[in-house]
Structure formats: structure tokens, C-alpha cells
Amino acid sequence: MTKSTHFYQMFQPNHYDIALNINRETKEISGTSTITGDALENKISVHQKFMTIQSVTADGQAVPFTFDDQSEGIHIDLGKTGETTVAIAFTAPLTDSMMGIYPSYYELNGEKKQIIGTQFETTAARQAFPCVDEPEAKATFDLAISFDEHEGETIISNMPEVKNENGVHTFDTTVRMSTYLIAFAFGDLQSKLTTTKSGVQVGVFATKAHQANELDFALDIAKRSIEFYEDFYQTPYPLPHSWQLALPDFSAGAMENWGLVTYREAYLVLDPDNTTPDMKMLVATVISHELAHQWFGDLVTMKWWDNLWLNESFANMMEYVAIDAIEPDWHVWEMFQTSDVPMALQRDATDGVQPVHVQVEDPAEIDAIFDSAIVYAKGARMLVMVRTLIGDDALRKGLKAYFAAHHYGNATGDDLWAALGDASGMDVGAIMNSWLEQPGYPVVSAKVVDGQLTLSQKQFFIGEGKEVGRQWQVPLNSNYDAAPVLLKDHEVVVGDYAQLRQASGKPFRLNVGNNSHFIVAYDDTLLQDILDHVDDFDSITQHQILQDLQLLAEGRQISYGTLVPLLTRFADNQSTLVATSLYAIAGELKKFVTPGSAEETQVKAYFDQLSAGQVARLGWQDRDADSLDDQLIRPTVLSAALYAENPAAVAAAHDLFTANRDHLESLPASTRFLIIRNEVKHFGSATLIGDLLAAYRATSNASYKSDLTYAVTATTDPEQITRLVGIFEDTDTVKPQDLRSWFYGVLRNDRGEQAAWDWIRTDWQWLEDTVGGDMEFSTFITFISRIFRTPERLAEFKAFFEPKINTPGLTREIQMDIKVIESRVDLIEAEKSAVTAAVAEAVK
Ligand SMILES: [Zn+2]
């Protein structure tokens, strides 16, 4: 299709009256969607998917219509234009697809139960009721729902219920909103409620399979996040309530439906007394992310999906701004530095990556742009760059104006830049468009040439990349005043280096704070100066030095071997930031050696050497005196010691397992996953795996479930590997939402790689039928590309996926992942001997 056919151009709804009847027993949905709106043409179209249409009337009269699966529409011949009320009666199946209206399954006291919930983003509202299912088509909605209701069940939606007559639950009319944000859910729910300072009711809902205190953490964070946003945005929360609901089956992480946010259970409910601090921070940022959307995304919505970044990049930044404000002791921006930043820098360095702003039309392609590394992580980093440039006062002033101008309506990126530009007096659009519209990012080279300090920019690639002369407006954030604020050209001469160095008294640095989306390649003189003073720098800078050098090594601009002695220098550093980047690099060294080889033994010895000091300092037991950094570093270094097969570490974990054999769930969450995994790996048996699988089926604790997945998939026994692959399709054990982590767990196990790879190739059709419609489907391919590293696997990957390259929504992922594996294969070939030599030298 060359011409874009947005249905909104033909028919602009103002109001919907939606009546739904949902039957869990017969798995059927029936209803009517009555839409009042303005017909701009005689012939209009309304979205539907997987529906049977009983009748269509316009202003009470039957009108001719045709039905078209290709465009997911009903084409209606009104025979007139202007204000019209169209009523469509329909039936639709209730399917287990985690899209549209769908059941979530769980067990309570041995009884199988279900909750009905919804997931409409991006284009699945049309599976629930006929509608103009485009973000720009905002309208008000009256929702009336009946279902095969049992005593004690609860139903919730975007707005409060206003009446219940004969089992028909009617909700208050919504504000003007987009279809993809409509939500409701019903079932046997428990809840906890509170009220914000401004009077908004806040609630957390979950199944009764959870302990009541598992709802407390989320309730507190949600309440304080809304209070924070009302103040920061200077715009009141627009609805009477904000419900947070955990659904047992959920494809994505969470969804910002207006007034009824839905979450994967792992990202909402948690044991307040035994959950790791990093998991708590993650849950807090997921909640604050979704609540940021209640304004940015829900109150003001992108005009079309090409501006999806407006929603996601912004919420991804604000989740950190909010949590940093309400829990400053968590230093949550460090998590941004160790998760989002490296993810964006890695993915965005592969040629063929999409820009943050990308044109899309087809629904499958819309789903494919929800790329966590680009639209979320890189986009957030772009906005962090803007925030650093203009400051919080201008940001808040600009946002207030933006919400006032576009509330209950739609906007584009240019509208945001205009508002921030007005507030700051800077041409924000001109700077940001170079980042928004172009894929990739620059490496800025800092060199002393003939005594002159010189800076130049060039696109950075990992693997083969075609240089097409892209340039960015780079906020340099140098510690030398002589350097420009923005590097706009290819090259700039800063001045006489010796004089600058003398005047400053400090090594020359760029991207101080690591808030701009570029990396720096210092020449030998400048780098040596930095390394000579490395202990004087803060932990963000130390982390940044390691991270930039790793990327330069991945991009073959320096040798990987040079990183090895550097890691040793940082081994005892007590900052989480530094430890995380250090072990990220150390972990990459594993790819250069063959499992079971003498070289691998040396890498293990190197891990033992790196971790020894910290393991001795921190030990296996959490202590009251632990700092937050101690708590976060402990599992990292213990994991390194276990990978190294350090005999004392293996024995300590074994002893802890033995002592807690009958109540593994109560082991401290910070080391539980390591203790159980160690047992499976070194002392495993069929009985043990059977016990752990039974525990997995029985528990509703998502953290514990994830620990068990991590542990069980580490088995080295071929028979047990076969057993695990055998449960991939047993949805009573492995929910489709969790299959990715089971698959990945087996795939990354050297002994399981072949079996997992064989499974996905053989049962691809089953996988596509089961989770093919969900937004995260392509991540199965991404996971494979993280593991494969040999020419043989590259050839197999191409042989299997190249014939699928035209599958809607998979094209870019397959192209990207082929490049990712190719560049890894080349890197290993080129650097293997340098790495193994450096490791041998380090452990001598
Ligand atoms: Zn989001």
C-alpha cells in the first residue's frame, strides 16, 4: 500500500457506547459498538479484527457494508456525510493470545482460576469492539459490561463504576482518549487502596494467590509517583482514580491504560521482606514509567505511531527522574547508566538500525518499533541530553505549556521541541533532530595534533558499517572551557594542548556525567593522562572509561586484550557502577574461548583473581552494615567466583543449599539464585530438577520463579536438558509469557545450546501460532543473536531465518541479528589470540 489509509481521515468519532458480554465458559464475546461521529466521506471504514459482524446501522437504518481482513476493517456505505451514529453488532472469540480481551490463568488452593483482562496497544482494541483504532481518533467512551459472574468477583476499568443493574456493570463516561488506552478486568481480585494529597484514589489489584503485604510496595510507589508528577508537571492528574493491576499472563512489562495500568506480576507485586534492592528499584521504575504516561501519552498522545518515541523515550527518562526524587538514596540514575546506556550504545552501533523517529503503517511494523534499545533507551538518553542542556526549570516550564496546549489531544515531536525551545530560548529542535532522524551515534576523537588539541566526529560502528557522512550536533560537556558547547562540524581545533593542560591542572575530558549519546576515543597521550589520574574520578567517570573502551574494542578500534590489565586495576572498587561495567567486560571475554578448553580454564582463573578480594570482603551473608553498593555488588562477585569454580565458593553455596533444602524460597533473594544454580550444576540429579520444577509450578512469587528458571536451565545433564525442552510447550508449567527466559536459559548453557536451537527450528510454527501476535515475539531472535559466535552457527542462523526475512515485523530484526553475529564471529577470529595472551599474562 503506497497511500496511507488512516480511517480517521474518513470518519472522526466523538463518542462510543459500548456494550459487551463476555463468557469465559464458551470463550465468546458479543456486543455492540455504537459510534457517533463526523463522516467526512460517504463511505467510511471502522476497524475490526477476528470478528463476525451481525449488523451495521447508520442513524437506525441498515446500511450496506463489506468486510475486509487485509485492512482489518469494515467498509460502510453511509450514502451521506456529516454527523452520524453507526451501530455495529458483533461476536468475537475469547482467545489466549495476550492481546485484545484475554484470560490470564492461575491456581488458588489447587483450583484453576482466571482473570479476564485487556491489552490493546498497539492495534488490538479492534479485537474487542469495532472502532477507529488510531491514536488520533480520540473520543469519549461509555462502557457497559456483563459476564458469567460469580459471587465476590470484582470488575474495574478506566473510570469508576456508576451502576450495576442485572449484572450489567456501567462505568462513568471517560474523558477524551485514544482507543488503545481503554482497559477493563474482572475476576476474584484483592486490592489495597490509598489516596494522594490531591485526592486521587490509588489502588493495587492482584489475584488472591499473593500475600496481602505483597501489594504494599507498589501502592506506596504509585501514590508518591502521582504526587511527584502532579508537582513536576504542574498539571493535575486528570482522572478520579489510578488502579494498578497485576495480570498472571502478560506479554510486555506493563501497559499505561489511562486510570487502569496493567502489569506483569513480576513488575508489581513483591515480597517486601525478601526482594533484592535492584528488583525493588526495577519495579519502582516500571510503576513510575507507566504513571509518567498518564500525562505524557494518555493526556497528550502521539498523533501517529511514528512518534511513538514521544511516549516511550519520555516515560523512560521520567521513570528515573521520579524515583530519584522520591527515593534519592537509591541513586537510581546509576541503574540508567548500567542498563539503558550500554543497551543503546551497543544496538545503535550496528549498521541498519532504525532511527528513533521512524515511518510506520502496517500493524506488525508498528509492533516492531517498540525496540527497547532504541525507542526506549536511546530515546531516553536523547531527552536526558536535552534536560542537561536546558535544565529542569525550563523543562518543567516547557512541559506545563505543552500539556496546556495539547491536553485531550495529540502532538508530534516538533510540538515538544517548540515548547521546550520557547521555555529555554534555545533552538532545541535543530539540535535534537540530528539525533532523532538519524540512526547511530558518533565517536568523538580527541587528539593532540602538532601540539593542538583537536576534536572530530565520525559515525561509530560495531561490525561492518557504511560511512555516509552523518554528523550530529554533539553536546560535548567538556571539563575544559575552551571546548565548544556543541560540536556541529566534522572537526574543531580547541587550542594549544600544553597551555590548556597547564591552565586546567586536570586531564582533558569529554561527556562529563555521561549524559550525551556518544563515545570518546582519546589518543594515547590523553588516555594515559586520564588513566594516571583514574582514582581521582567519580564512579560515573570510571564506569564511562571502561564502557567507552569496551565499545572501542567491540568496534575493533583498539585491541580487546588491552582491557584485561585495566580490569585488574578496578577489581576491588566498591562502586556498583564500576563493578557492573567491569564484570560486563569480563563476561564478554568468555566468548573468545571454547567451553572446556585450557583457555577457558585460564579465563576462570582470571575471574577468580578479579573477584577474590570482594568475595573476602562481602561473604555470603547479608549484613546490617551493608551499604546499598555492598548489597548490589555481592551477587555479582559471588557469581564470578562460582563461574571460576572457586572451591570455597562452590562448597559455601552447597552448604547453604543443604541447610535450607526444605524452604529454599526463604533463602535471601540476593544469593538464592546462585545457591540453587550451583546445586543444579555441581550436585544435580533428576530428583532435584523434579523438585525444583514442582516448586516453580507451585509458587506465585515471580522473583523466586525467575531464580528457579535461572538455576534449572544450568543443568549439565543431557537427559535433563531434553526434559526441560520438553516443557517449553507445556503451558501449565511454562506460561507463554515466560517461555523466552526458559528458552534463553537453555540456549546460553553450552550443554543446552544445540537442543534449544533444534527446538526453535523444529517448532517455529507452534511458536508463531502461540506468541506470534505479541509485541515481544521478535526478541526470540534477538536472544539467539546474543549467543551465537561461530561461523557454523552463523551459517545455520542465516539458513533458517533468511527465508523468513519478509515476515512482517521480523525483517529488521533478522537483518540486524545477522550483522550482530557476523561482527562477533569476525571479532573473535581477529582478537582471540590477543585476549587469551592477555588473560594468561594476568593470571601468571
Ligand atoms: Zn511506556
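In this predicted model, the second largest pocket has a volume of about 370 Å³. Twenty residues line this pocket, and those closest to its centre are Tyr522, Leu527, Leu549, Leu552 and Ile558. Four elements, namely β28 (519-522), α11 (524-532), α12 (539-554) and α13 (563-570), each supply at least two residues of the lining of the second largest pocket, with the largest share, six residues, coming from α12. Sorted by class, the lining of this pocket holds 13 nonpolar residues, together with four polar and three charged ones.

Helix α14 (residues 576-589) and helix α15 (residues 598-618) have axes that come within 11 Å and cross at roughly 170°. Since an angle over 145 degrees counts as roughly antiparallel, α14 and α15 are therefore roughly antiparallel to each other. On the α14 side the contact involves Leu582, Tyr583, Ala586, Gly587 and Leu589, which meet Tyr606, Phe607, Leu610 and Ser611 in α15. The residues of this contact of α14 with α15 comprise seven nonpolar and two polar, with no charged residue among them.

The axes of helix α7 (residues 372-406) and helix α8 (residues 413-424) come within 7 Å, and their crossing angle is roughly 110°, which makes α7 roughly perpendicular to α8. From α7 the contact draws on Leu383, Val386, Ile390, Ala394, Leu395, Lys397, Gly398, Leu399, Tyr402 and His406, while α8 contributes Asp415, Leu416, Trp417, Ala419, Leu420, Ala423 and Ser424. By class, the residues of the contact of α7 with α8 are twelve nonpolar, three polar and two charged.

The metal site brings together residues from separate positions in the sequence. The zinc ion is coordinated by the NE2 atoms of His289 and His293 and by an OE atom of Glu312, at 2.0 to 2.1 Å. Read along the sequence, the donor residues of the zinc ion follow the spacing H-x3-H-x18-E. Both histidines, His289 and His293, belong to helix α2 (residues 277-293), where they lie four residues apart, about one turn of the helix.

Rolling a probe the size of a water molecule over the atoms shows where empty space is left. Across the whole structure, a search finds two cavities of 30 Å³ or more. The largest cavity has a volume of about 80 Å³, and of the 13 residues that line the largest cavity, Val269, Leu270, Asn701, Ala702 and Ser703 lie nearest its centre. The lining of the largest cavity is made up of five nonpolar, five polar and three charged residues.

The second largest cavity has a volume of about 40 Å³. Its lining consists of Phe141, Leu143, Ser157, Asn158, Met159, Phe171, Asp172, Thr174 and Ile182, a set that divides into five nonpolar residues, three polar residues and one charged residue.

The peptide bond from Glu121 to Thr122 is cis, with omega near 10°, and Thr122 is placed in the loop between β10 (111-119) and β11 (140-147). Asn109 has a phi near 50°, which is a positive value in a residue other than glycine, and Asn109 lies in the loop between β9 (100-108) and β10.

How values were computed
Residues are numbered from 1 along each chain as its sequence is written. This is a predicted model: local features need pLDDT of at least 70, side-chain atom pairs count only at pLDDT 80 or more; totals for chains, interfaces and linings use all residues. Side-chain values use heavy atoms; hydrogens and water are left out. On a 1 Å grid over the protein atoms alone, a cavity is a set of points where a 1.4 Å probe fits but cannot get out, and a pocket is an open set with protein on both sides within 12 Å along at least five of seven lines; lining residues have an atom within 4 Å of a point. Grid points are joined across faces, edges and corners, and a volume is the space filled by probe spheres set on the points. Ala, Val, Leu, Ile, Met, Phe, Trp, Tyr, Cys and Pro count as nonpolar, Asp, Glu, Lys and Arg as charged, and the others, Gly among them, as polar. Axes are lines fitted to C-alpha atoms, for helices over the stretch in contact, and angles run from 0 to 180 degrees between N-to-C directions. Angles under 35 degrees count as roughly parallel, over 145 as roughly antiparallel, 65 to 115 as roughly perpendicular and the rest as oblique. Contact means heavy atoms within 4.5 Å. Donors are N, O and S atoms within 2.8 Å of the metal (3.2 Å for Na, K and Ca); water is not among the atoms, so sites may look incomplete.
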